[in-house]
Amino acid sequence: MNYYEVAAPAPLDNWVRCFWFLTTEAGGPQLIIPDGRIEIVLHRATPFGQVGTCGTVLRQSPEVVAGQLTRPIVVRPTGPADVIGIRFRTAGARDLLRLPLGELMDQVVPLSELAPGLVTALQGVVNDSDPVRSITAVLLNHMSATGRSPSAEPRSAERRVGKECRSRGSPDH
């Protein structure tokens, strides 16, 4: 298994904390621990399966949005995996997805149900030689087309939450 992260470039870094990349040939179940982040997950090979409470495995869509989790979920590769994740800052996904983020709590939903135009644009660049640059351009273009422009609001919100957590003795997000 190979996993690494790349910081989001400016000005996208106001919304996106990082891009992450995962490749693996196979493997057993992986426990996903809640971290308070919303992510878009792009499967460039075989999508993962999400393991249900009864042990059944439901294959994910090639492009999914994972809402903020309040409990762990279990996923497992269903074949060779090549995945790009877009990890948002606190409140960062709101401007991109244009919906109340609470609606995504504990949900993993196909991105096509929320933003079909964004799926089409991402499918066109996800296999580029520089996916961070290409995906950044797509996300900024999508926000601009929906009337959003880069601002520091999500980053500021994340700093406020981090300060509050530190003052209560919780680890920083």
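1. Basis. The model is predicted, so local features need pLDDT of at least 70 and side-chain atom pairs count only at pLDDT 80 or more, while totals for chains, interfaces and linings use all residues. Residues are numbered from 1 along each chain as its sequence is written, and side-chain values use heavy atoms, with hydrogens and water left out.

2. Overall make-up. The protein has 5 helices and 10 strands. Helices (H or I, at least four residues) and strands (E, at least two) are DSSP runs, numbered from the N terminus. Of its 173 residues, 44% count as buried. Buried means under 20% relative accessible area, exposed over 50%, and partly exposed in between (1.4 Å probe, protein chains only). Among contacts with a separation of 6 or more, 72% are between residues 24 or more positions apart; contact means heavy atoms within 4.5 Å.

3. The largest nonpolar core. A nonpolar core is a set of buried Ala, Val, Leu, Ile, Met, Phe, Trp, Tyr and Cys residues joined through side-chain atoms within 4.5 Å. The largest one has 32 residues, and those with the most contacts inside it are Phe19, Ile40, Ile86, Leu111, Leu118 and Ile135. At least two residues of this core come from each of β2, β4, β9 (81-88), α1 (92-97), α3 (116-123) and α4 (131-145). The most, 5 residues, come from α4.

4. Which residues is Ile86 in contact with, leaving aside its neighbours within four places in sequence? They are Val16, Cys18, Phe19, Trp20, Ile38, Glu39, Ile40, Leu42, Ile135 and Leu139.

5. The largest pocket. Pockets are found on a 1 Å grid over the protein atoms alone: a pocket is an open set of points where a 1.4 Å probe fits, with protein on both sides within 12 Å along at least five of seven lines, and lining residues have an atom within 4 Å of a point. Grid points are joined across faces, edges and corners, and a volume is the space filled by probe spheres set on the points. The largest pocket has a volume of about 570 Å³. It is lined by 29 residues, of which Trp20, Ile32, Glu39, Phe48 and Val75 are the closest to its centre. Two or more lining residues are given by each of β2 (16-24), β3 (30-32), β4 (39-43), β7 (63-66) and β8 (73-76). The lining has 18 nonpolar, 6 polar and 5 charged residues. In this count Ala, Val, Leu, Ile, Met, Phe, Trp, Tyr, Cys and Pro are nonpolar, Asp, Glu, Lys and Arg charged, and the others, Gly among them, polar.

6. The second largest pocket. Its volume is about 380 Å³. Gln50, Val51, Leu58, Ile73 and Val108 lie nearest the centre, out of 19 lining residues. The elements giving two or more residues to this lining are β5 (49-51), β6 (57-59), β8 and β10 (108-110). The largest share, 3 residues, is from β10. By class, the lining of the second largest pocket divides into 10 nonpolar, 6 polar and 3 charged residues.

7. Val64 is in strand β7 and counts as buried because its relative accessibility is 4%. Not counting residues up to four places away in sequence, Val64 touches Glu39, Ile40, Val41, Val108, Val109, Pro110 and Leu111. Ala121, in helix α3, is partly exposed, with a relative accessible area of 31%.

8. Cysteines. Is Cys18 buried or exposed? At 4% relative accessibility, Cys18 is buried, whereas Cys54, at 72%, is exposed. A disulfide is a pair of cysteine sulfur atoms within 2.5 Å, and the count is 0 disulfides.

9. Backbone points to check. Most residues other than glycine have a negative phi, and most peptide bonds are trans. The peptide bond from Ala10 to Pro11 is cis, with omega near -5 degrees; Pro11 is in the loop between β1 (2-7) and β2. Ala91, in the loop between β9 and α1, has a positive phi, near 70 degrees. Phi of Arg98 is also positive, near 60 degrees, and Arg98 is in the loop between α1 and β10.
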